[in-house]
Amino acid sequence: MEKFTAHTGVGAPLRRSNVDTDQIIPAVYLKRVTRTGFEDGLFSAWRNDESFVLNQDAYTNATVLVAGPDFGTGSSREHAVWALMDYGFKAVISPRFADIFRGNSGKAGLVAAQVDEDVVEQLWAYLEADPGASITVDLESRTVRAGDLEAPFHIDDYTRWRLLEGLDDVAITLSHDDDISAYEARRPAFKPATLPAR
Amino acid sequence: MGKTLAEKIWDDHVVRSADGEPDLLYIDLHLIHEVTSPQAFDGLRLSGRPVRRPDLTLATEDHNIPTTDLDKPIADLVSRTQVETLRRNAEEFGVRLHPMGDIDQGIVHVVGPQLGLTQPGMTIVCGDSHTSTHGAFGSIAFGIGTSEVEHVLATQSLSQAKPKMMAVEVVGDLPEGSTAKDLILALITQETTGGGQGYIVEYRGDAIRKLSMEARMTICNMSIEWGAKAGLIAPDDTTFDYLQGRPHAPQGEAWDEAVAYWRSLGTDDDAVFDKVVTIDASTITPFVTWGTNPGQGVALSGDVPDPASFEDPNERVAAERALEYMGLTAGTPMRDIAVDTVFIGSCTNGRIEDLRVAASLFEGHKVAEGTRVLVVPGSVRVRLQAEQEGLDVVFKDAGAEWRGAGCSMCLGMNPDQLTPGERSASTSNRNFEGRQGKGGRTHLVSPEVAVATGVLGHLASPADLQQLSKAGA
């Protein structure tokens with residue numbers, strides 16, 4: 001995973017709450033068995049609407065998405081995170097993220113920056129007054145900056161550390177292999193197994 | 001201080017705990033399907049890692065599976081490739097798979113409980129948000145993304161920050177004619193789609209204790225729809241009776257040992273929840289959604305709400321958008337909404353009990369002209385059981401379509417989809433824009449409301465059906 005310290009890029013204001021993962025990428029796009037190319041499904045229904053924010057020239061190269069509360073609700077599809085990243089997004093800012101989406105973001109390397117609701121309102125106003133303006137998401141100091149606005153964002157310590165270091169989660173866990181084996185040795189015998197099949 | 005049910009299960013699965021780090025949690029059962037696993041197996045191959053515990057892993061094919069022409073290869077080549085990829089991966093990594101055509105194939109959340117692999121006190125994960133279903137047995141069960149699927153395949157564990165604990169106290173009894181689905185839909189509307197976020201939720205109270213396992217699964221299934229990490233119900237005799245004798249349930253002395261452990265798991269009297277919410281079951285009537293998220297619901301006896309009635313500006317805007325997408329006008333009685341398609345099935349309501357109640361209500365009625373009804377069993381075994389009981393004949397006589405097992409119209413990944421503008425009453429779990437097919441309009445309902453709607457052609461309750469019978473007689 002690439003290290004993430006700070007990122008500055010064009011901010012896109014998505015004035016919607018409850019952006020569920022079926023909107024981020026509909027199920028029909030989940031059939032691919034590879035890890036790349038999901039940008040074509042990103043917000044595919046909304047992109048049919050000319051007035052949709054990502055269809056406007058100013059936001060073509062947007063890398064920071066600013067959305068309303070409850071972003072990423074619904075399905076566990078990590079494809080939603082991949083679609084945002086494959087499109088070019090490095091960070092999403094929202095007052096509230098669904099748990100699974102936030103977890104998936106941390107694993108895949110997308111920064112899910114949680115801010116107060118009024119910060120999102122201010123960012124929307126800032127971006128709409130000056131389409132194509134940039135936002136900085138600084139993971140080191142956990143702040144977002146846009147023009148004169150500077151506001152803290154929340155991300156848990158462990159995810160922040162892993163993103164800053166660009167660490168692979170599986171490798172970290174496998175370094176505790178002895179603990180896993182010790183746990184397995186004390187698991188009760190009545191716990192079910194799928195093999196052999198009965 | 002005592003512990004909650006979820007805290008006991010959590011603490012029993014901690015492999016490693018360290019300051020400033022999430023707990024490393026052991027996973028008892030990892031369920032997989034074709035959609036969220038291919039990139040995870042690719043990751044294993046790239047890093048040369050094996051599946052650590054194939055004997056705690058089970059795969060089934062469900063999301064892409066057509067429910068007609070079961071003897072033919074999947075016509076959609078991309079779907080077929082995804083299913084074939086799962087078959088190759090299962091073969092290569094030694095994972096047990098129930099493919100199309102196998103007697104144990106079905107929706108992953110129907111198959112686990114049916115085989116007796118879902119048991120109390122376990123940790124269960126799957127790359128699917130409706131994994132919360134398995135919480136009905138008193139286990140911690142939750143959906144994960146593909147990176148986490150790879151992590152569990154490689155390590156049989158998951159690093160997870162301990163969520164907060166919430167109790168949902170269900171007071172009073174569900175009135176005759178009201179169901180578990182009505183209760184959970186009403187709760188989601190009460191608490192909103194983000195209300196459970198950050199919590200493991202325990203559903204408690206007499207009304208819950210009186211529910212069958214299948215109804216408990218319906219409740220826990222939709223925990224994710226109000227944002228909860230997981231939802232669970234304390235195991236009791238209902239749970240044990242359901243489990244005993246199933247293929248993978250413990251036997252003999254192991255059964256007794258297991259039951260003794262399971263009985264010890266209930267929330268202690270002096271345990272403290274971080275949050276308690278209450279819902280009065282005695283006030284619940286048939287409940288349906290009018291909007292494009294599961295928190296936008298109303299009693300069937302009510303009207304399409306006026307967006308102006310929402311105080312929160314975000315909710316107001318969301319309601320305006322929802323009415324536009326759904327093609328609805330504020331103030332329209334819900335019962336006046338005509339429906340094109342009725343879908344009975346999914347991991348929410350595709351089990352044998354759901355089909356029994358649906359068949360009993362169809363008896364003596366016909367599907368309304370201009371309406372189609374799809375009945376899709378959650379698994380091959382549910383299908384066979386239903387056919388043994390003659391339920392398929394009732395459905396077909398009424399004019400409904402009797403299909404093969406799979407996720408079907410719950411999500412637009414297989415041929416069962418709505419066309420743009422088509423309106424459904426669906427026993428599934430999500431009414432998101434385009435969920436059942438691009439431009440499709442979904443009303444979430446119970447199996448009971450689904451049948452009445454199919455017969456009358458507009459959103460309706462079983463009580464409306466009875467009036468029809470009386471009028472006819």
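These questions and answers walk through parts of chain B in a predicted model.

Reader: What is the strand order of the open sheet of five strands in chain B?

Author: This is a predicted model. The five strands form an open sheet with parallel pairing. Its edge strands, strand 5 (96–98) and strand 7 (140–143) of chain B, each pair on one side only. The order is 5-4-3-6-7.

Reader: How many degrees does the twist of that sheet average from one strand to the next?

Author: The sheet in question is the open one with the order 5-4-3-6-7 in chain B. From one strand to the next, its twist averages 20°.

Reader: Which residue stands opposite His30(B)?

Author: Strand 3 (residues 29–32) and strand 6 (residues 123–126) of chain B run parallel and are joined by three bridges. The residue opposite His30(B) lies in strand 6 of chain B. It is Val125(B).

Reader: What angle does helix 5 of chain B make with strand 3 of chain B?

Author: Helix 5 (residues 146–155) of chain B packs on the sheet. It touches strand 3, strand 4 (57–60) and strand 6 of chain B. Its direction makes an angle with that of strand 3 of chain B of about 130°.

Reader: Which strands are the edge strands of the open sheet of four strands?

Author: This open sheet in chain B has parallel pairing and the order 11-10-9-12. An edge strand here pairs on one side only. The edge strands are strand 11 (230–232) and strand 12 (275–280) of chain B.

Reader: Which residue of strand 12 of chain B stands opposite Ala167(B)?

Author: Six bridges join strand 9 (residues 164–171) of chain B to strand 12 of chain B. The two strands run parallel. Opposite Ala167(B) stands Val276(B).

Reader: Which strands of chain B does helix 6 lie across?

Author: Helix 6 (residues 180–191) of chain B runs at about 125° to strand 12 of chain B. The strands it lies across are strand 9, strand 10 (199–204) and strand 12 of chain B.

Reader: Which residue with positive phi follows helix 6 of chain B?

Author: The phi of this residue is near 70°. The residue that follows the helix is Thr192(B).

Reader: Why do the buried residues of helix 10 of chain B line one face?

Author: Helix 10 (residues 252–263) of chain B buries Trp255(B), Ala258(B), Val259(B), Tyr261(B) and Trp262(B). Seen down the helix axis, these buried residues line one face because they fall within an arc of 160°.

Reader: Which helix do those buried residues of helix 10 of chain B pack against?

Author: The face turned away from the buried side carries the exposed residues Glu253(B), Asp256(B), Ala260(B) and Arg263(B). The buried residues of helix 10 pack against another helix of chain B. That is helix 9 (237–243).

Reader: Which residue of strand 16 of chain B is the bridge partner of Thr341(B)?

Author: Both faces of strand 15 (residues 341–344) of chain B are covered. Thr341(B) and Phe343(B) are buried on one side, Val342(B) and Ile344(B) on the other. Strand 15 pairs in the parallel sense with strand 16 (residues 372–375) of chain B over four bridges. The partner of Thr341(B) is Arg372(B).

Reader: Which residue of strand 18 of chain B stands opposite Phe343(B)?

Author: Strand 15 of chain B also pairs in the parallel sense with strand 18 (residues 423–426) of chain B, over three bridges. Phe343(B) stands opposite Ser426(B).

Reader: How many disulfides are there over all chains?

Author: A disulfide needs two cysteine sulfur atoms within 2.5 Å. The sulfur of Cys347(B) is 5.9 Å from its closest cysteine sulfur, in Cys410(B), so it is too far for a bond. Cys407(B) is 6.6 Å from the sulfur of Cys410(B), again too far. The count over all chains is zero.

Reader: Which residues is Glu21(B) in contact with, leaving aside its neighbours within four places in sequence?

Author: Glu21(B) is found in the loop between strand 1 (14–16) and strand 2 (23–26) of chain B. It counts as partly exposed, at 32% relative accessibility. Its contacts are Tyr158(A) and Arg16(B).

Definitions and conventions
Residues numbered from 1 in each chain as written. Chains lettered and ligands numbered in written order. Predicted model: local features only at pLDDT ≥ 70, side-chain atom pairs only at ≥ 80, totals over all residues. Heavy atoms only, no water. Buried < 20%, exposed > 50% of the residue type's maximum accessible area, 1.4 Å probe, protein only. Arc of directions from axis to C-beta. Contact = heavy atoms within 4.5 Å. Pairing = 2+ DSSP bridges. Axes fitted to C-alpha atoms, helices over the stretch in contact; angles between N-to-C directions.
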